[in-house]
Amino acid sequence: MKLYASPLQGFTEAPWRNIHQMIFGGVDAYYTPFVRVEKGEFRNKDLRDIAPENNEVSHLIPQLIASTPAEMEKLLGLFIEKGYQEIDINMGCPFPLLTGRHKGSGILPYPSEVRALLDELAHYPDQKFSVKMRLGWEYFDEWKAILPMLNELPLSRVTLHPRIGRQQYKGMVNMKEFAVFYEECRHPLVYNGDLLTVDDIRRIEEGFPRLEGVMLGRGLLSNPALAMDYKRGEITPQAELYGKVKEFHGQLYRHYESYLQGEAQLLSKVKPYWEYLLPDMEKKQKKAILKSTRVEKYLAAVRAALL
Ligand SMILES: Cc1cc2nc3c(=O)[nH]c(=O)nc-3n(C[C@H](O)[C@H](O)[C@H](O)COP(=O)(O)O)c2cc1C
């Protein structure tokens with residue numbers, strides 16, 4: 001099975017992706033967090049994140065979020081200008097600010113709007129497109145009005161996170177509904193949601209043998225060796241894992257140190273990784289990292305934790 005690295009706003013940006021591939025790897029393609037149009041413009045941080053000169057991974061798929069054909073056209077123009085031939089469309093984001101504007105999973109209750117958006121793709125016959133989606137926004141069966149439209153298009157893959165938008169990231173994934181989707185989807189299908197261990201990945205693979213792959217999000221943030229371990233068929237011993245995380249963190253930290261101004265900015269960028277990283281770490285050590293308000297204390301806490 002193929003392993004895809006999830007887009008995670010604020011986390012899996014270019015520096016994380018580049019360093020992850022170099023130190024851990026095991027990922028077949030990395031997705032960028034979604035790029036969007038805000039008041040008619042692109043955000044500078046998004047432009048930086050997709051700029052080819054900032055990206056070193058061997059396979060990168062940029063993602064867009066849009067609710068109108070005009071936004072879609074603007075975003076596709078950007079990706080094509082930057083030389084991308086494969087583009088992912090976000091129909092899964094659950095953030096109310098976006099779903100309220102029928103973006104992400106907020107578009108799923110409106111099949112005619114999905115149709116208008118997807119009609120735009122016909123103007124780009126040389127591009128490959130994929131869709132990342134949830135089961136619905138409010139109801140678990142909203143996908144039933146959407147999938148027939150997707151099935152008609154030449155998509156390269158559909159990734160399904162079997163929650164609804166209203167659940168955000170909580171509650172259970174709905175495997176019963178996923179199984180129905182799996183039967184009805186004519187495209188290569190990728191499962192996404194709550195895969196934290198190699199055993200979790202294997203269970204999905206056994207249950208759904210025709211899957212093209214799985215997408216790893218928070219599981220890969222927590223254990224950056226997860227994809228590599230699945231591919232190698234062996235679990236990285238803890239001491240080795242901690243050593244690699246030390247290297248990974250060091251490189252990420254040095255990157256942001258060279259580029260962000262001031263302690264507060266730097267800490268607000270690097271500390272959130274620890275909300276996910278190495279969940280088995282001793283609680284006291286994790287707390288010391290997350291509570292630190294000075295760089296010196298932060299680095300000492302990280303050093304102590306990764307000894
Ligand atoms: C902080 C955060 C940011 C996310 N950003 C994006 C995004 O930009 N695009 C997207 O398609 N999904 C985004 N997601 C959803 C993840 O890609 C993924 O679908 C979800 O976390 C479920 O997979 P997981 O359980 O393996 O993490 C985000 C999730 C989180 C927690």
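What is the handedness of the crossing of α1 and α11? The crossing is right-handed, as the first view of this predicted model shows.

**Figure 1. Packing of helix α1 on helix α11.** Helix α1 covers residues 14-23 and helix α11 covers residues 238-257. Their axes lie 10 Å apart and the helices pack at an angle of about 150°, which makes α1 roughly antiparallel to α11. On the α1 side the contact consists of P15, W16, I19 and I23. These meet K244, E247, F248, Q251, L252 and H255 in α11. Sorted by class, the contact of α1 with α11 holds six nonpolar, two polar and two charged residues.

**Figure 2. Packing of helix α11 on helix α12.** Helix α12 spans residues 263-270. The axes of α11 and α12 are 10 Å apart, and the angle between these helices is about 145°. The crossing of α11 past α12 is right-handed. From α11, the residues L252, Y253, Y256 and E257 meet L266, K269 and V270 of α12. The contact of α11 with α12 comprises five nonpolar, no polar and two charged residues.

**Figure 3. Helices α13 and α14.** Helix α13 runs over residues 283-291 and helix α14 over residues 295-305. Their axes come within 8 Å and cross at roughly 160°. The two helices are therefore roughly antiparallel to each other. α13 passes α14 in a left-handed crossing. Q285, A288 and I289 are the contributors from α13, and Y298, A301, V302, A304 and A305 those from α14.

**Figure 4. R303 in helix α14.** R303 is found in α14. R303 counts as exposed because 10 C-beta neighbours lie inside 10 Å, and the cut-off for exposed is 12 or fewer. Between the C-alpha atoms of R303 and R115 the separation is 52 Å, for two residues 188 apart along the chain.

**Figure 5. Surroundings of C93.** C93 sits in the loop between β7 (86-91) and α4 (96-99). C93 is buried, since 24 other C-beta atoms lie within 10 Å, where 20 or more are required. Leaving aside neighbours within four places in sequence, the contacts of C93 are F34, I65, L98, T99, K103, G104 and S105. The C-alpha atom of C93 is separated by 19 Å from that of E177, which is 84 residues away along the chain.

**Figure 6. Two residues with positive phi, K39 and D194.** Most residues other than glycine have a negative phi. K39 has phi near 50° and belongs to the loop between β3 (37-38) and β4 (41-42). With 5 other C-beta atoms within 10 Å, K39 is exposed. Phi of D194 is near 65°. D194 lies in the loop between β10 (189-192) and α8 (198-207). D194 counts as partly exposed, with 16 C-beta neighbours inside 10 Å.

**Figure 7. Residues around the ligand.** The shell around the ligand has 22 residues, of which S6, P7, P33, G217 and R218 come nearest. By class, the shell divides into eight nonpolar, 11 polar and three charged residues.

Terms used. Residues numbered from 1 in each chain as written. Predicted model: local features only at pLDDT ≥ 70, side-chain atom pairs only at ≥ 80, totals over all residues. Near = placed C-beta within 6 Å. Nonpolar A, V, L, I, M, F, W, Y, C, P; charged D, E, K, R; others polar. Axes fitted to C-alpha atoms, helices over the stretch in contact; angles between N-to-C directions. Helix = DSSP H or I, 4+ residues; strand = E, 2+ residues; numbered from the N terminus. Parallel < 35°, antiparallel > 145°, perpendicular 65-115°, else oblique. Left-handed = near helix turned anticlockwise from the far one by under 90°. Contact = placed C-beta atoms within 7 Å.
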